[in-house]
Amino acid sequence: MTTDTAAASSSARDSDEEQQTSRKRLKFRSYKPHDNTLQGKTLNPASAMSIEETVSSIVNDAKNQPAEIDLNVLAPRKANWDLKRDVEKKLLKLEKRTKRAMAEMIREKMKAEHNLSAGGVEEDNDSD
């Protein structure tokens, strides 16, 4: 039984190797093989692009387009711009808390006034 499993595993390995070799293709980019069977797998040498044409087309495009300059980019930033940026989030949070606290204080004041006015009405009823 061990010979059957060994034969099965070797045939499985052979089929795996065949699949791997069929998936992989040799490509020779800068190497020229001496073997005639491998010479057909060489790639054509890469050609250098013409930089002059590319640069001249970019320069012509730049000449034809009007220059749009953002004045914010040119103006120097104030010395404390980074501090303002970092503190801005904290200030927003504090502003929300301040508004909430002010609203709570107004509610308490209104409630106190309402209790006083309601208490005064009850005193008038008691005195009659």
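Glutamate 95 forms a salt bridge with lysine 99, with their closest N and O atoms 3.7 Å apart. A salt bridge here is a side-chain nitrogen of Lys or Arg within 4 Å of a carboxyl oxygen of Asp or Glu. This is a predicted model: local features need pLDDT of at least 70, side-chain atom pairs count only at pLDDT 80 or more, and totals for chains, interfaces and linings use all residues. Residues are numbered from 1 along each chain as its sequence is written, and side-chain values use heavy atoms, leaving out hydrogens and water.

**Overall build**

- The protein chain has 4 helices and 0 strands.
- Its pattern along the sequence is α-α-α-α.
- Helices (H or I, at least four residues) and strands (E, at least two) are DSSP runs, numbered from the N terminus.
- Of the 128 residues in the protein chain, 2% are buried.
- Buried means under 20% relative accessible area, exposed means over 50%, and partly exposed lies in between (1.4 Å probe, protein chains only).
- The accessible surface of the chain is about 12900 Å², and 55% of that belongs to carbon and sulfur atoms.
- Accessible areas come from the Shrake-Rupley method with a 1.4 Å probe; for residues, only the protein chains shown count as cover.

**Salt bridges**

- The structure holds 3 salt bridges.
- Glutamate 95 and lysine 99 are 4 residues apart in helix 4, so about one helical turn separates them.
- Glutamate 95 is partly exposed at 41% relative accessible area, while lysine 99 is exposed at 54%.
- Arginine 107 and glutamate 104 also pair through their side chains, at 3.2 Å from N to O.
- Both of these residues, arginine 107 and glutamate 104, lie in helix 4, 3 residues apart, about one turn of the helix.
- An α-helix has 3.6 residues a turn, so residues three or four places apart point the same way.
- Glutamate 104 is partly exposed, with a relative accessible area of 37%.
- Aspartate 86 bridges to arginine 85, and their closest N and O atoms are 3.2 Å apart.
- Aspartate 86 is partly exposed at 44%, and arginine 85 is partly exposed at 45%.

**Surface patches**

- Patches are made of residues with over 30% relative accessible area and no salt bridge; like charges are joined within 9 Å, and nonpolar side chains (Val, Leu, Ile, Met, Phe, Trp, Tyr) within 5 Å.
- Lys90, Lys93, Lys96, Arg97 and Arg100 gather in a patch of positive charge on the surface.
- Lys and Arg count as positive and Asp and Glu as negative; His and the chain ends are not counted.
- The place of a charge is taken as NZ of Lys, CZ of Arg, CG of Asp or CD of Glu.
- Lysine 93, from this patch, is found in helix 4 (residues 81-127).
- Ile51, Val55 and Val59 form a nonpolar patch on the surface, with about 250 Å² of accessible area together.

- Isoleucine 51 sits in helix 2 (residues 51-64).
- Isoleucine 51 counts as exposed, at 57% relative accessibility.
- Helix 2 has 14 residues and reaches 20 Å from its first C-alpha to its last, close to the 20 Å expected at 1.5 Å a residue.
- That expected span is 1.5 Å times one less than the number of residues.
- The number of buried residues in helix 2 is 0, so helix 2 lies largely in the open.
- Asparagine 44 lies in the loop between helix 1 (2-23) and helix 2.
- Asparagine 44 is exposed, with a relative accessible area of 73%.
- Asparagine 44 and serine 30 are 14 residues apart in sequence, and their C-alpha atoms are 9.2 Å apart in space.
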